[in-house]
Structures are given as structure tokens and as C-alpha cells.
Amino acid sequence: MRTLRPEPPQHRDPVVLFIAGSFRSGSTVLDNLLGQIEGFASVGELRSLWHNGLLEGRICGCGRHVRDCDFWTEVLTTGFGDDQPAPRIVTELQDAHLRTRPRQLLGLRRAAAGEAPAGLRRYLSIIETTYRAIGAVAGADVIVDSSKVPADAYALLTLSELDVYVLHLVRDPRAVAYSSARAKPSPDDPNSASMITQRPFRTAVGWTVWNGVLERMVRPAAGPRFMRLRYEDFASDPRSATSRILDFAGAGDRELPFVGERTVRFGLTHGPSGNPDRLARGTSEIRLSEGWRDGMSGGARLAATIPALPLMGAYGYRLGRGG
């Protein structure tokens with residue numbers, strides 16, 4: 001099968017740029033933007049490849065079903081040959097070891113101490129092989145994975161064989177809650193016509209837990225390979241933010257994909273599932289959307305604020321509608 005791009009340099013392992021943070025944090029547009037940079041491969045929420053992509057038959061970012069996508073077919077063949085892991089088994093391993101819950105987090109702590117259970121070791125072997133195959137097939141030396149889950153980020157940092165950088169993307173919890181409460185079409189989901197919605201309080205609890213785990217576990221483990229970026233700062237000055245990300249990942253000499261001050265020409269990517277915005281093509285302007293300021297009721301704002309108070313101040317988010 002034809003290789004989609006020239007093969008990357010063989011003298012170095014691929015860099016994995018893992019975008020971590022809450023859902024509806026703006027990771028899709030950032031992931032897709034980075035995927036337009038030479039030598040970068042955007043694979044969206046890679047953790048969803050096995051369940052959403054291969055089991056459920058979701059649509060790839062290229063517009064074809066994941067099962068029929070030449071890119072993913074070649075990745076799996078390159079990485080595993082005729083011994084490809086069963087998607088259901090991989091999904092079960094994720095559920096058993098990579099959820100942001102106390103039992104799984106304790107297991108990850110043990111893994112960092114060299115005591116990883118067999119199931120977690122098996123999963124990490126699969127994901128490492130997958131990353132390497134993506135780099136070979138895409139001709140990329142930087143792989144952008146926007147799976148977001150803190151447990152995934154921490155687990156990847158236990159792999160000494162991979163060059164993992166964690167980009168912690170933070171968005172105002174009220175904006176996240178406002179977005180999560182609104183139904184958004186999901187054209188590739190056979191089980192639902194729209195993305196999952198959540199009430200503001202539940203969204204804010206999840207926002208606090210996930211960002212808290214990133215601060216208390218992932219950040220110390222990553223050390224200098226951890227960078228926090230507020231979505232609001234990215235959307236306000238996307239050029240500057242993108243330049244900082246490239247410097248962080250050791251790829252500062254790449255040309256930025258902007259065709260205007262704030263405008264990017266988005267091309268084909270291969271995210272196996274996630275926000276339908278990953279299917280967008282053509283020229284688009286990056287702008288800050290803050291509909292929550294006028295569109296959110298006082299009660300919903302309060303519900304989205306109270307659980308998030310411990311971290312809001314640390315991230316520079318102020319109380320009140322003005323933020």
C-alpha cells in the first residue's frame with residue numbers, strides 16, 4: 001500500500017504532543033490547526049479509535065468510515081501486521097486501567113513505580129506501537145493526540161521509549177458548561193444524532209476533577225514537558241500561542257499554517273471520533289466564542305462556578321458575567 005507521506009527521520013522517536021483537559025475545551029480546532037504544520041500528524045482523540053472508530057463504525061476526519069480509511073488501515077497493518085489487537089479487547093483495557101477514578105489512578109501510580117499490572121502493560125505496548133506506526137505512515141515526527149483524558153496522559157509518561165509532551169488546555173468552566181449543555185449535531189454517531197449534553201453542575205465537577213488530576217499528578221510527572229495554555233489566550237492570539245506550542249515541542253522552526261492574521265486553511269486530518277468540527281475543510285477564522293456571557297442564566301452560571309472555584313482563580317478566571 002502506498003505511503004501517504006515521505007517517511008520521517010529514522011534516528012529519533014516520534015514526539016507525542018498530548019492535548020489534555022476537559023471536554024468542550026476547544027481542543028478540536030487546536031488539534032486540527034497543528035495538523036496542518038509540516039511534519040505534524042493530527043489524529044484527534046486516538047483513544048476512541050478502537051471503540052468509536054472500529055467497533056461502532058464512526059466517520060474518520062477524512063470523511064470515510066474509520067474501517068474503510070486507507071490511513072488507519074495502513075497504520076494498523078504497519079504496526080501489527082496480521083496480529084492486530086481486537087478492538088473490543090483494547091476498549092476493555094481502557095475501561096479497566098485508564099479512567100480518571102481513584103482505583104485506576106492508584107494503579108497508574110504503581111505503574112510509575114515500575115509495578116504496572118499486566119493489562120496496563122499490554123495496553124501501553126499497543127498504544128506505543130500505534131504511535132510509531134502513525135509516524136511511519138504519515139511521515140511525521142510530531143503526533144498530536146487530543147484524547148484529553150488525564151489518566152491517558154499520566155500513563156504515557158511512564159513510557160520511557162516515547163518522547164511525550166503534555167499540553168494542558170484550559171477553558172473557562174462556564175464556557176465549557178454552556179457548550180456542554182447545548183445539543184450539537186453528531187453526524188457520525190450511529191446511536192445518537194447529537195453529542196452528549198450535561199447539566200452545568202456536573203460539567204463543572206468533571207472540569208475540576210480532570211484539571212485537578214492534571215495539576216496534582218500529571219504536571220509533576222511531566223516536569224518541563226508540561227505546558228498550560230488557556231483556550232481564551234489561544235483564540236485571542238492564535239499565532240503567538242501556536243508559536244509557543246511549537247517551541248515547547250521542540251519544533252519551533254516550522255512554518256505556521258496561517259493564511260491571514262487569524263485565518264487558517266484546514267485540510268484533511270484523521271481523527272477517528274470526537275467533535276464534528278474535525279470534519280471541517282477550507283479557510284476558517286479562529287475567534288473567541290463567549291456566548292455564555294449573555295446566553296447563560298444566573299442559576300446555570302452559579303452551578304458551573306461553585307465546583308470550579310478552587311481552580312478558577314489559579315487559572316485567572318474571575319467571578320461574574322464579565323469573567
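Me: What is the relative accessible area of phenylalanine 201?

Reply: The relative accessible area of phenylalanine 201 is 46%, so this residue counts as partly exposed. Buried means under 20% relative accessible area, exposed means over 50%, and partly exposed is in between (1.4 Å probe, protein chains only).

Me: And what kind of model is this?

Reply: This is a predicted model, in which local features need pLDDT of at least 70, side-chain atom pairs count only at pLDDT 80 or more, and totals for chains, interfaces and linings use all residues. Residues are numbered from 1 along each chain as its sequence is written, and side-chain values use heavy atoms, with hydrogens and water left out.

Me: OK, back to phenylalanine 201. Where does it lie?

Reply: Phenylalanine 201 lies in helix H9, residues 200-222. Helices (H or I, at least four residues) and strands (E, at least two) are DSSP runs, numbered from the N terminus. Together with Val205 and Val209, Phe201 makes a nonpolar surface patch of about 240 Å². Residues three or four places apart in an α-helix point the same way, because there are 3.6 residues a turn.

Me: What goes into a patch?

Reply: Patches are made of residues with over 30% relative accessible area and no salt bridge; like charges are joined within 9 Å, and nonpolar side chains (Val, Leu, Ile, Met, Phe, Trp, Tyr) within 5 Å. The areas come from the Shrake-Rupley method with a 1.4 Å probe, and for residues only the protein chains shown count as cover.

Me: New topic. What is the strand order in the open sheet?

Reply: The open sheet has 5 strands in the order E2-E3-E1-E4-E5, with parallel pairing. Strands E2 (40-42) and E5 (226-230) are at the edges; each has a single partner strand, so one side of each has no neighbour in the sheet. From one strand to the next the twist averages 25°. Two strands pair if DSSP finds at least two bridges between them.

Me: How many bridges join E1 to E3?

Reply: Strand E1 (residues 15-20) and strand E3 (residues 142-148) are joined by 5 bridges and run parallel. Valine 16 has isoleucine 143 as its bridge partner in E3. In E4, the partner of valine 16 is valine 164, and E1 pairs with E4 in the parallel sense over 6 bridges.

Me: What about E4, largely enclosed or left open?

Reply: E4 is largely enclosed by the rest of the structure, because 7 of its 8 residues are buried. E4 also pairs with E5 in the parallel sense, over 5 bridges. There, histidine 168 stands opposite arginine 228 in E5.

Me: Which strands does helix H11 lie across?

Reply: H11 (residues 238-248) lies across E1, E2, E4 (163-170) and E5, and runs at about 170° to E5. Axes are lines fitted to C-alpha atoms, for helices over the stretch in contact, and angles run from 0 to 180 degrees between N-to-C directions.

Me: And H3, what do its buried residues pack against?

Reply: They pack against helix H2 (49-55) and helix H6 (118-138). The buried residues of H3 (70-80) are Phe71, Trp72, Glu74, Val75, Leu76 and Phe80. After H3 comes glycine 81, with a positive phi near 60°.

Me: What does threonine 130 touch?

Reply: Leaving out residues up to four places away in sequence, threonine 130 touches Leu46, Trp50, Val75 and Phe80. Contact means heavy atoms within 4.5 Å. Threonine 130 is in helix H6 and counts as buried, because its relative accessibility is 0%.

Me: How many salt bridges does the structure hold?

Reply: It holds 15 salt bridges, each a side-chain nitrogen of Lys or Arg within 4 Å of a carboxyl oxygen of Asp or Glu. One of them joins glutamate 45 and lysine 148 at 2.8 Å, N to O. That pair links distant parts of the chain, 103 residues apart: glutamate 45 is in the loop between E2 and H2, and lysine 148 is in strand E3. Both glutamate 45 and lysine 148 are buried.

Me: What about arginine 293, buried or exposed?

Reply: Arginine 293 is buried, because its relative accessible area is 19%. Its salt bridge is with glutamate 290, and the closest N and O atoms are 2.9 Å apart. Glutamate 290, at 26%, is partly exposed.

Me: Which residues are linked in a network of salt bridges?

Reply: Asp141, Asp253 and Arg254 are linked in such a network.
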